[in-house]
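Subject: A structure to look at

Dear colleague,

I am handing over a structure to you with this message, and below it I have written down what was found. Please have the model open while you read.

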Amino acid sequence: MLLRKRFKISYVCILVLICWSIYYLFLSIPTVKHISSLLNKPPPRLFIAANLYNNEAIVEHWASQVFKVASWAGPDRVYISIYENGSTDNTKALLQEFDDQLAAANISHTIVLDPSPKNFGERRIPLLAKRRNQALLPLYEQLQHHTTYDKILFLNDIWFDWSDAVELIESGKDSIDDQDSDNYDAVCSMDFFGQYYDEFATRESGGGWLGSGNYPYFQDKTSRDLLRRQMLVPVYSCWGGMIVFNAAPFLMTDPTTHDPLVAFRSLWPDNPRPRLEASECCLIHSDIRDMNFTRIFINPKIKVGYDHFHYWYANYILPLWQLVLTWTNTPIAMSEEEKVLWNQRLATVGTLNPGDSICLWRPGNYD
(Lines give C-alpha, C1' and ligand atoms only; values in the text may rest on other atoms or scores of the structure.)
Protein backbone atom coordinates (compact mmCIF):
# COMPACT_ATOMS: atom_id res chain seq x y z
CA MET A 1 0.00 0.00 0.00
CA LEU A 2 2.84 2.40 0.93
CA LEU A 3 4.66 1.60 -2.32
CA ARG A 4 1.50 2.28 -4.32
CA LYS A 5 1.07 5.67 -2.59
CA ARG A 6 4.67 6.63 -3.42
CA PHE A 7 4.07 5.77 -7.09
CA LYS A 8 0.98 8.03 -7.10
CA ILE A 9 2.97 10.93 -5.65
CA SER A 10 5.68 10.39 -8.28
CA TYR A 11 3.09 10.36 -11.07
CA VAL A 12 1.57 13.62 -9.80
CA CYS A 13 4.99 15.28 -9.68
CA ILE A 14 5.84 14.13 -13.20
CA LEU A 15 2.44 15.33 -14.47
CA VAL A 16 2.96 18.77 -12.92
CA LEU A 17 6.42 19.01 -14.52
CA ILE A 18 5.07 17.98 -17.94
CA CYS A 19 2.19 20.47 -17.77
CA TRP A 20 4.55 23.25 -16.69
CA SER A 21 6.92 22.43 -19.54
CA ILE A 22 4.07 22.42 -22.08
CA TYR A 23 2.96 25.81 -20.80
CA TYR A 24 6.47 27.16 -21.24
CA LEU A 25 7.05 25.70 -24.69
CA PHE A 26 3.68 26.36 -26.31
CA LEU A 27 1.39 28.61 -24.32
CA SER A 28 3.58 31.17 -22.61
CA ILE A 29 3.66 34.37 -24.68
CA PRO A 30 6.08 37.02 -23.46
CA THR A 31 4.27 40.20 -22.58
CA VAL A 32 5.71 43.63 -22.00
CA LYS A 33 4.03 46.31 -19.97
CA HIS A 34 4.33 49.23 -22.36
CA ILE A 35 4.25 51.67 -19.50
CA SER A 36 5.96 54.39 -21.51
CA SER A 37 3.06 54.23 -23.96
CA LEU A 38 0.52 54.35 -21.13
CA LEU A 39 2.18 57.49 -19.86
CA ASN A 40 2.29 58.93 -23.38
CA LYS A 41 6.05 59.17 -22.97
CA PRO A 42 8.70 57.80 -25.34
CA PRO A 43 11.15 55.14 -24.12
CA PRO A 44 14.38 56.48 -22.63
CA ARG A 45 17.30 57.22 -24.91
CA LEU A 46 19.22 53.97 -24.59
CA PHE A 47 22.88 53.01 -24.93
CA ILE A 48 23.34 49.22 -25.11
CA ALA A 49 26.82 47.86 -24.31
CA ALA A 50 28.17 44.30 -24.32
CA ASN A 51 31.34 42.22 -24.37
CA LEU A 52 31.33 38.85 -26.13
CA TYR A 53 33.79 35.98 -26.49
CA ASN A 54 33.23 32.51 -27.97
CA ASN A 55 29.43 32.81 -27.81
CA GLU A 56 28.48 30.96 -31.00
CA ALA A 57 25.91 28.85 -29.11
CA ILE A 58 23.80 31.84 -28.06
CA VAL A 59 24.78 34.87 -30.10
CA GLU A 60 22.17 34.43 -32.84
CA HIS A 61 19.34 34.41 -30.28
CA TRP A 62 21.08 37.11 -28.24
CA ALA A 63 21.39 39.42 -31.24
CA SER A 64 17.74 38.91 -32.23
CA GLN A 65 16.62 40.01 -28.75
CA VAL A 66 18.96 43.03 -28.73
CA PHE A 67 17.49 44.03 -32.10
CA LYS A 68 13.98 43.86 -30.63
CA VAL A 69 15.00 46.02 -27.66
CA ALA A 70 16.47 48.56 -30.08
CA SER A 71 13.28 48.52 -32.12
CA TRP A 72 11.25 49.11 -28.96
CA ALA A 73 13.42 52.09 -28.00
CA GLY A 74 13.37 53.42 -31.56
CA PRO A 75 16.21 53.49 -34.11
CA ASP A 76 16.78 57.21 -33.51
CA ARG A 77 16.91 56.76 -29.71
CA VAL A 78 19.35 53.88 -29.32
CA TYR A 79 23.02 53.09 -29.82
CA ILE A 80 24.48 49.57 -29.69
CA SER A 81 28.14 48.99 -28.82
CA ILE A 82 29.63 45.47 -28.81
CA TYR A 83 33.28 44.67 -28.15
CA GLU A 84 34.35 41.14 -29.09
CA ASN A 85 37.87 39.83 -28.94
CA GLY A 86 39.74 36.58 -29.31
CA SER A 87 36.87 34.32 -30.30
CA THR A 88 37.93 31.06 -31.94
CA ASP A 89 34.43 29.85 -32.87
CA ASN A 90 31.86 31.40 -35.24
CA THR A 91 31.09 34.41 -33.02
CA LYS A 92 32.82 36.94 -35.27
CA ALA A 93 30.92 35.83 -38.39
CA LEU A 94 27.57 35.96 -36.58
CA LEU A 95 28.32 39.43 -35.22
CA GLN A 96 29.23 40.59 -38.73
CA GLU A 97 25.77 39.46 -39.86
CA PHE A 98 24.27 41.41 -36.95
CA ASP A 99 26.31 44.45 -37.99
CA ASP A 100 24.77 44.23 -41.47
CA GLN A 101 21.27 43.87 -39.99
CA LEU A 102 21.70 46.97 -37.82
CA ALA A 103 23.05 48.97 -40.75
CA ALA A 104 20.07 48.01 -42.89
CA ALA A 105 17.72 49.13 -40.10
CA ASN A 106 19.55 52.46 -39.66
CA ILE A 107 20.34 51.67 -36.02
CA SER A 108 23.49 53.46 -34.83
CA HIS A 109 26.08 50.99 -33.65
CA THR A 110 29.70 50.00 -33.25
CA ILE A 111 30.73 46.35 -33.34
CA VAL A 112 34.45 45.81 -32.76
CA LEU A 113 35.78 42.40 -33.82
CA ASP A 114 39.23 42.39 -32.27
CA PRO A 115 41.49 39.71 -33.84
CA SER A 116 43.93 39.74 -30.93
CA PRO A 117 44.17 36.26 -29.35
CA LYS A 118 42.99 35.88 -25.79
CA ASN A 119 45.85 35.90 -23.27
CA PHE A 120 44.93 33.26 -20.70
CA GLY A 121 47.85 34.27 -18.51
CA GLU A 122 46.46 37.76 -17.99
CA ARG A 123 44.67 38.52 -14.73
CA ARG A 124 40.91 38.35 -15.28
CA ILE A 125 39.53 41.41 -13.44
CA PRO A 126 41.80 44.13 -14.91
CA LEU A 127 41.14 42.63 -18.35
CA LEU A 128 37.36 42.66 -17.84
CA ALA A 129 37.48 46.27 -16.62
CA LYS A 130 39.41 47.25 -19.74
CA ARG A 131 37.00 45.42 -22.05
CA ARG A 132 33.93 47.00 -20.44
CA ASN A 133 35.46 50.45 -20.82
CA GLN A 134 36.17 49.70 -24.48
CA ALA A 135 32.48 48.87 -24.97
CA LEU A 136 31.65 52.32 -23.52
CA LEU A 137 34.00 54.28 -25.80
CA PRO A 138 31.26 55.15 -28.35
CA LEU A 139 29.25 56.68 -25.49
CA TYR A 140 31.98 59.32 -25.05
CA GLU A 141 32.38 59.77 -28.78
CA GLN A 142 28.65 60.48 -28.99
CA LEU A 143 28.98 62.94 -26.10
CA GLN A 144 31.53 64.94 -28.10
CA HIS A 145 28.81 65.36 -30.71
CA HIS A 146 26.36 66.51 -27.99
CA THR A 147 24.39 63.25 -28.13
CA THR A 148 23.49 61.91 -24.71
CA TYR A 149 21.51 58.97 -23.36
CA ASP A 150 19.22 58.42 -20.37
CA LYS A 151 20.02 54.78 -19.63
CA ILE A 152 22.88 52.34 -20.22
CA LEU A 153 21.87 48.71 -20.67
CA PHE A 154 24.91 46.48 -20.10
CA LEU A 155 24.48 42.87 -21.22
CA ASN A 156 26.52 39.75 -20.51
CA ASP A 157 26.56 36.74 -22.82
CA ILE A 158 23.16 35.68 -21.49
CA TRP A 159 20.05 33.96 -22.79
CA PHE A 160 17.19 36.42 -22.34
CA ASP A 161 13.99 37.62 -23.94
CA TRP A 162 13.72 41.20 -25.14
CA SER A 163 10.75 41.71 -22.82
CA ASP A 164 13.06 40.95 -19.86
CA ALA A 165 15.28 43.87 -20.85
CA VAL A 166 12.34 46.23 -21.37
CA GLU A 167 10.81 45.31 -18.01
CA LEU A 168 14.18 45.84 -16.34
CA ILE A 169 14.51 49.27 -17.95
CA GLU A 170 11.00 50.13 -16.77
CA SER A 171 11.64 48.85 -13.22
CA GLY A 172 9.62 50.62 -10.56
CA LYS A 173 6.91 51.78 -12.92
CA ASP A 174 4.28 49.44 -11.59
CA SER A 175 1.37 51.71 -12.36
CA ILE A 176 0.50 54.51 -14.73
CA ASP A 177 0.33 56.79 -11.68
CA ASP A 178 4.12 56.62 -11.33
CA GLN A 179 5.39 59.68 -13.19
CA ASP A 180 9.02 59.29 -12.07
CA SER A 181 11.07 58.32 -15.12
CA ASP A 182 14.35 58.29 -13.15
CA ASN A 183 13.56 56.17 -10.11
CA TYR A 184 16.84 54.22 -9.92
CA ASP A 185 20.54 54.70 -10.54
CA ALA A 186 21.14 51.02 -11.27
CA VAL A 187 18.89 47.98 -11.42
CA CYS A 188 19.95 44.37 -12.08
CA SER A 189 18.33 41.17 -13.19
CA MET A 190 19.21 37.87 -11.49
CA ASP A 191 21.36 35.41 -13.44
CA PHE A 192 21.32 31.67 -12.87
CA PHE A 193 23.57 28.76 -13.64
CA GLY A 194 21.89 26.33 -11.27
CA GLN A 195 21.93 28.70 -8.31
CA TYR A 196 22.24 32.48 -8.41
CA TYR A 197 25.45 33.05 -10.32
CA ASP A 198 26.80 36.56 -9.77
CA GLU A 199 27.53 36.53 -6.03
CA PHE A 200 30.99 37.93 -6.80
CA ALA A 201 29.55 41.36 -7.70
CA THR A 202 26.52 41.37 -5.39
CA ARG A 203 26.49 42.94 -1.93
CA GLU A 204 23.44 43.29 0.25
CA SER A 205 22.05 46.68 1.23
CA GLY A 206 24.28 46.87 4.30
CA GLY A 207 27.39 46.08 2.27
CA GLY A 208 27.76 42.45 3.33
CA TRP A 209 28.15 39.41 1.11
CA LEU A 210 25.01 37.75 -0.15
CA GLY A 211 23.69 35.23 2.38
CA SER A 212 23.22 32.35 -0.08
CA GLY A 213 23.28 31.45 -3.74
CA ASN A 214 19.90 29.76 -3.22
CA TYR A 215 16.51 31.25 -2.44
CA PRO A 216 15.84 33.39 -0.39
CA TYR A 217 19.41 34.62 -1.02
CA PHE A 218 19.51 37.56 1.44
CA GLN A 219 20.51 37.43 5.08
CA ASP A 220 18.70 40.76 5.59
CA LYS A 221 15.08 40.10 6.61
CA THR A 222 13.67 43.24 4.95
CA SER A 223 15.32 42.21 1.68
CA ARG A 224 13.81 38.72 1.97
CA ASP A 225 10.36 40.24 2.52
CA LEU A 226 10.70 42.41 -0.60
CA LEU A 227 11.92 39.37 -2.53
CA ARG A 228 8.85 37.34 -1.53
CA ARG A 229 6.63 40.22 -2.70
CA GLN A 230 8.57 40.42 -5.99
CA MET A 231 9.44 44.06 -5.34
CA LEU A 232 12.71 45.86 -6.02
CA VAL A 233 15.32 44.86 -3.44
CA PRO A 234 17.81 47.59 -2.43
CA VAL A 235 21.43 46.40 -2.61
CA TYR A 236 24.86 47.95 -2.33
CA SER A 237 25.91 46.49 -5.68
CA CYS A 238 24.86 43.90 -8.28
CA TRP A 239 25.23 42.86 -11.91
CA GLY A 240 23.20 39.71 -12.51
CA GLY A 241 23.97 39.26 -16.20
CA MET A 242 21.99 42.35 -17.20
CA ILE A 243 22.03 45.80 -15.60
CA VAL A 244 20.53 49.18 -16.42
CA PHE A 245 22.38 52.27 -15.22
CA ASN A 246 21.25 55.84 -14.99
CA ALA A 247 23.62 57.25 -17.60
CA ALA A 248 24.24 60.52 -15.74
CA PRO A 249 27.40 59.56 -13.77
CA PHE A 250 28.97 58.00 -16.87
CA LEU A 251 28.43 61.22 -18.82
CA MET A 252 30.26 63.39 -16.30
CA THR A 253 33.73 64.38 -17.49
CA ASP A 254 36.74 66.27 -16.20
CA PRO A 255 36.40 69.87 -17.45
CA THR A 256 40.11 70.04 -18.32
CA THR A 257 40.94 66.63 -19.76
CA HIS A 258 37.37 65.66 -20.78
CA ASP A 259 38.06 62.17 -19.39
CA PRO A 260 35.06 60.42 -17.80
CA LEU A 261 34.86 60.74 -14.02
CA VAL A 262 33.77 57.13 -13.60
CA ALA A 263 34.98 54.00 -15.36
CA PHE A 264 35.36 50.29 -14.66
CA ARG A 265 38.52 49.49 -12.71
CA SER A 266 40.29 46.84 -10.66
CA LEU A 267 42.25 46.90 -7.44
CA TRP A 268 46.04 46.59 -7.72
CA PRO A 269 45.87 46.41 -11.55
CA ASP A 270 49.64 45.86 -11.90
CA ASN A 271 49.76 42.96 -9.45
CA PRO A 272 49.41 39.65 -11.34
CA ARG A 273 48.33 37.73 -8.19
CA PRO A 274 46.94 39.98 -5.44
CA ARG A 275 46.14 38.52 -2.04
CA LEU A 276 42.44 39.43 -2.47
CA GLU A 277 40.25 40.27 -5.43
CA ALA A 278 37.27 42.52 -6.12
CA SER A 279 34.88 42.52 -9.05
CA GLU A 280 34.96 45.47 -11.42
CA CYS A 281 31.16 45.19 -11.42
CA CYS A 282 31.07 45.90 -7.68
CA LEU A 283 33.70 48.65 -7.73
CA ILE A 284 31.71 50.63 -10.31
CA HIS A 285 28.87 50.82 -7.78
CA SER A 286 31.22 52.09 -5.07
CA ASP A 287 32.36 54.82 -7.45
CA ILE A 288 28.90 56.00 -8.52
CA ARG A 289 27.83 55.93 -4.85
CA ASP A 290 30.69 58.34 -4.10
CA MET A 291 29.03 60.62 -6.69
CA ASN A 292 25.71 60.33 -4.78
CA PHE A 293 24.05 57.88 -7.18
CA THR A 294 22.88 55.44 -4.52
CA ARG A 295 19.51 54.05 -5.67
CA ILE A 296 20.64 50.54 -6.60
CA PHE A 297 18.29 47.55 -6.77
CA ILE A 298 17.82 43.95 -7.84
CA ASN A 299 14.59 43.29 -9.72
CA PRO A 300 13.74 39.70 -8.68
CA LYS A 301 11.10 39.41 -11.42
CA ILE A 302 13.78 39.36 -14.12
CA LYS A 303 15.69 36.08 -14.32
CA VAL A 304 18.20 35.23 -17.06
CA GLY A 305 20.52 32.30 -17.78
CA TYR A 306 23.67 31.50 -19.72
CA ASP A 307 21.94 29.05 -22.04
CA HIS A 308 18.36 28.18 -22.96
CA PHE A 309 18.04 25.40 -20.40
CA HIS A 310 19.10 27.53 -17.45
CA TYR A 311 16.81 30.36 -18.59
CA TRP A 312 13.93 27.86 -18.65
CA TYR A 313 14.98 26.45 -15.28
CA ALA A 314 15.20 29.89 -13.64
CA ASN A 315 11.80 31.04 -14.85
CA TYR A 316 9.72 27.87 -14.74
CA ILE A 317 11.30 25.29 -12.40
CA LEU A 318 13.00 27.46 -9.79
CA PRO A 319 9.69 29.07 -8.67
CA LEU A 320 8.50 25.57 -7.70
CA TRP A 321 11.77 24.70 -5.95
CA GLN A 322 11.58 27.97 -4.01
CA LEU A 323 8.62 26.57 -2.09
CA VAL A 324 10.99 24.02 -0.58
CA LEU A 325 13.94 26.39 -0.12
CA THR A 326 11.76 28.87 1.78
CA TRP A 327 11.60 26.37 4.64
CA THR A 328 14.98 24.65 4.32
CA ASN A 329 17.51 27.37 3.47
CA THR A 330 18.63 30.06 5.93
CA PRO A 331 21.07 32.48 4.23
CA ILE A 332 24.22 33.06 6.28
CA ALA A 333 27.02 35.12 4.80
CA MET A 334 30.05 33.95 6.75
CA SER A 335 30.96 31.27 9.28
CA GLU A 336 33.18 31.99 12.30
CA GLU A 337 36.01 30.07 10.61
CA GLU A 338 35.68 32.24 7.50
CA LYS A 339 35.80 35.41 9.61
CA VAL A 340 39.14 34.38 11.12
CA LEU A 341 40.61 33.60 7.68
CA TRP A 342 39.13 36.80 6.26
CA ASN A 343 40.71 39.02 8.91
CA GLN A 344 44.08 37.34 8.40
CA ARG A 345 44.00 37.93 4.66
CA LEU A 346 42.60 41.46 5.00
CA ALA A 347 45.53 42.46 7.20
CA THR A 348 47.96 41.66 4.36
CA VAL A 349 46.61 44.20 1.84
CA GLY A 350 46.90 47.41 3.86
CA THR A 351 44.41 50.25 4.18
CA LEU A 352 41.61 50.54 1.62
CA ASN A 353 38.82 53.04 1.26
CA PRO A 354 35.44 51.73 2.52
CA GLY A 355 33.92 51.14 -0.92
CA ASP A 356 36.88 49.07 -2.07
CA SER A 357 36.80 47.03 1.15
CA ILE A 358 33.12 46.20 0.64
CA CYS A 359 33.84 44.83 -2.83
CA LEU A 360 36.59 42.43 -1.72
CA TRP A 361 35.63 38.80 -2.18
CA ARG A 362 35.84 36.22 0.58
CA PRO A 363 38.94 33.99 0.88
CA GLY A 364 38.95 30.68 -0.90
CA ASN A 365 37.04 32.01 -3.92
CA TYR A 366 38.45 33.62 -7.07
CA ASP A 367 42.01 33.16 -5.73
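Which residues line the second largest cavity? The lining is made by Met-190, Tyr-215, Tyr-217, Leu-227, Gln-230, Pro-300, Lys-303 and Gln-322, where a cavity is a set of points on a 1 Å grid over the protein atoms alone at which a 1.4 Å probe fits but cannot get out, and lining residues have an atom within 4 Å of a point. This second largest cavity holds about 40 Å³ of space, a volume being the space filled by probe spheres set on the grid points, which are joined across faces, edges and corners.

Before going on, please note that this is a predicted model, in which local features need pLDDT of at least 70 and side-chain atom pairs count only at pLDDT 80 or more, while totals for chains, interfaces and linings use all residues. Residues are numbered from 1 along each chain as its sequence is written, and side-chain values use heavy atoms, with hydrogens and water left out.

Turning to the helices (DSSP runs of H or I, at least four residues, numbered from the N terminus), α3 (residues 56-73) packs against α4 (residues 91-104) at an angle of about 15°, with the axes 9 Å apart. Axes are lines fitted to C-alpha atoms over the stretch in contact, and angles run from 0 to 180 degrees between N-to-C directions.

With α6 (residues 162-169), α3 packs at about 45°, the axes being 8 Å apart, and therefore α3 is oblique to α6.

Best wishes

Methods. Helix = DSSP H or I, 4+ residues; strand = E, 2+ residues; numbered from the N terminus. 1 Å grid on protein atoms, 1.4 Å probe; cavity = no way out; pocket = protein on both sides within 12 Å on 5 of 7 lines; lining within 4 Å. Parallel < 35°, antiparallel > 145°, perpendicular 65-115°, else oblique.
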